[in-house]
Amino acid sequence: MTQSLTISSSPHTRSQVTTPNIMFDVAIALIPASAYGVYQFGIKAALILFISVISCVLSEFVYQSLMDRPVTVSDGSALVTGMILGLNMPPSISLWIPFLGGIFAIIVVKQLYGGIGQNFMNPALAARCFLLISFAGEMTTFTYHDAVVSPTPLAALKAGQSVDLTAMFIGKIPGSMGEVSVIALLIGAVYMLIRKVITLRIPAAYLITFALFVFIFGQQDISYVLAHLCGGGVIFGAFFMATDYSSSPITSKGQILFGILLGILTGLFRLFGGSPEGVSYAIILSNLLVPLIEEISFPIPLGREKR
């Protein structure tokens, strides 16, 4: 009896993990930070999140429909982009600004380059940088306690003032909705690690490099270093934005180099730049260098000489 064999190219072992699985896991991991943001800043925070998500999902649906492309809103990537963008917004922002940001993130940064997997930088962060440049006043005004404008802990550090580390860890501080509570972000990060959505290579390399940079070039004080780690978007960026599959290296060595670069750039922006924050710009610039990082970190095939 003859037995037919199917001959095909690799890969022969296929994973059961799909894009929707990954995206919905990330969305679940963002729930603690989202819930705390709404608890801390009220119904306006929920509206900002809702508008950001709706803007991203609608932009993807309308663009793909008009361009006669397969509609992929069900894969959850637009949902995650909208959640990350919304969590990067100040709680006092005008509602039309995150809506505009969602259109920019999906159409300009994602769809014009071919859709999911083809974007060369994180769409939500690119939109945040676009909004920071275009609407600097609204994007850098943070309210807390009865809509009173308050400086963020990073601004206080920049001015040489002391900060409350416990309040920063819990989230009882002014700032963008999704980055104020370190504990909520870490809960989400642990969930993604357990689900194997991300690895520790990029976040660990990023946070360790950044902490060393701040210790060496800032103040040789552990409390000062911890304040920089808990303040701003470092934790949010390290676990939820720098680990974006499309815009980060695929090699293990490349991911470590990527994290080191992120830590150095964030330290440079924070300590020597005019603004107290620098996570968004550090990640965007590092995204642009991913092809170079992969070029120098890609494993050499057996028998081939290193160039």
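These are my notebook entries on a predicted model.

**Entry: the annotated threonine**

I started from the UniProt record. Its unreviewed entry carries the annotation "modified residue: FMN phosphoryl threonine", and that annotation covers Thr152. I then looked up where Thr152 sits in the fold. I found Thr152 in the loop between strand S2 (148-149) and helix H8 (153-158).

Is Thr152 buried or exposed? Its relative accessible area is 15%. Buried means under 20%, so I put Thr152 down as buried. Leaving out residues up to four places away in sequence, I listed what Thr152 touches: Phe142, Pro174 and Gly175.

**Entry: the largest pocket**

Next I looked for open space. Rolling a probe the size of a water molecule over the atoms shows where empty space is left. The largest pocket holds about 460 Å³ of space. I noted that 29 residues line this pocket, and that Thr140, Phe142, Ser275, Pro276 and Glu277 are the closest to its centre.

**Entry: salt bridges**

Side chains of opposite charge can pair when their charged atoms come close. How many salt bridges does a search of the whole structure find? The search gives three.

I took the pair of Arg195 and Asp25, where the closest N and O atoms are 3.0 Å apart. This pair links distant parts of the chain, as Arg195 is in the loop between helix H10 (182-194) and helix H11 (201-217), while Asp25 is in helix H1 (residues 19-29), 170 residues apart. I checked how open each partner is. Arg195 is partly exposed, at 48% relative accessibility, whereas Asp25 is buried, at 7%.

Then I turned to Glu60 and Lys110, whose closest N and O atoms are 2.7 Å apart. This pair also links distant parts of the chain, with Glu60 in helix H3 (residues 43-66) and Lys110 in helix H5 (residues 96-110), 50 residues apart. Both of these residues are buried.

Arg270 has a relative accessibility of 1%, so I counted it as buried.

**Entry: the nonpolar core**

In soluble globular proteins, nonpolar side chains tend to be buried together. In this model the largest nonpolar core has 75 residues. Which residues have the most contacts inside it? I wrote down Leu30, Met192, Phe236, Phe239 and Phe240.

Not counting residues up to four places away in sequence, Phe240 touches Ala29, Leu30, Ile84, Leu185, Gly188, Ala189 and Met192. Leu30 and Met192 in that list are also among the residues with the most contacts inside the core.

I also looked up Val190, which is in helix H10. Val190 counts as partly exposed, at 45% relative accessibility. The C-alpha atoms of Val190 and Phe239 are 9.5 Å apart in space, and the two residues are 49 apart in sequence.

**Entry: Ile260**

I found Ile260 in helix H14 (residues 252-272). Its relative accessible area of 33% makes Ile260 partly exposed. Beyond residues up to four places away in sequence, Ile260 touches Ala205 and Thr209. I also noted the spacing to Ile283: 23 residues apart in sequence and 11 Å in space, C-alpha to C-alpha.

**Entry: positive phi**

Most residues other than glycine have a negative phi, and most peptide bonds are trans. I looked up two residues against that background. Asp68, which is not a glycine, has a positive phi of about 55 degrees. Asp68 lies in the loop between H3 and helix H4 (77-87). At 71% relative accessibility, I marked Asp68 as exposed.

Lys196 likewise has a positive phi, near 60 degrees. I placed Lys196 in the loop between H10 and H11. With a relative accessible area of 72%, Lys196 is exposed.

Notes:
Residues are numbered from 1 along each chain as its sequence is written. This is a predicted model: local features need pLDDT of at least 70, side-chain atom pairs count only at pLDDT 80 or more; totals for chains, interfaces and linings use all residues. Side-chain values use heavy atoms; hydrogens and water are left out. UniProt positions are given in the numbering used here, feature names are shortened, and annotations may be inferred rather than shown by experiment. Helices (H or I, at least four residues) and strands (E, at least two) are DSSP runs, numbered from the N terminus. Buried means under 20% relative accessible area, exposed over 50%, partly exposed in between (1.4 Å probe, protein chains only). Contact means heavy atoms within 4.5 Å. A salt bridge is a side-chain nitrogen of Lys or Arg within 4 Å of a carboxyl oxygen of Asp or Glu. A nonpolar core is a set of buried Ala, Val, Leu, Ile, Met, Phe, Trp, Tyr and Cys residues joined through side-chain atoms within 4.5 Å. On a 1 Å grid over the protein atoms alone, a cavity is a set of points where a 1.4 Å probe fits but cannot get out, and a pocket is an open set with protein on both sides within 12 Å along at least five of seven lines; lining residues have an atom within 4 Å of a point. Grid points are joined across faces, edges and corners, and a volume is the space filled by probe spheres set on the points.
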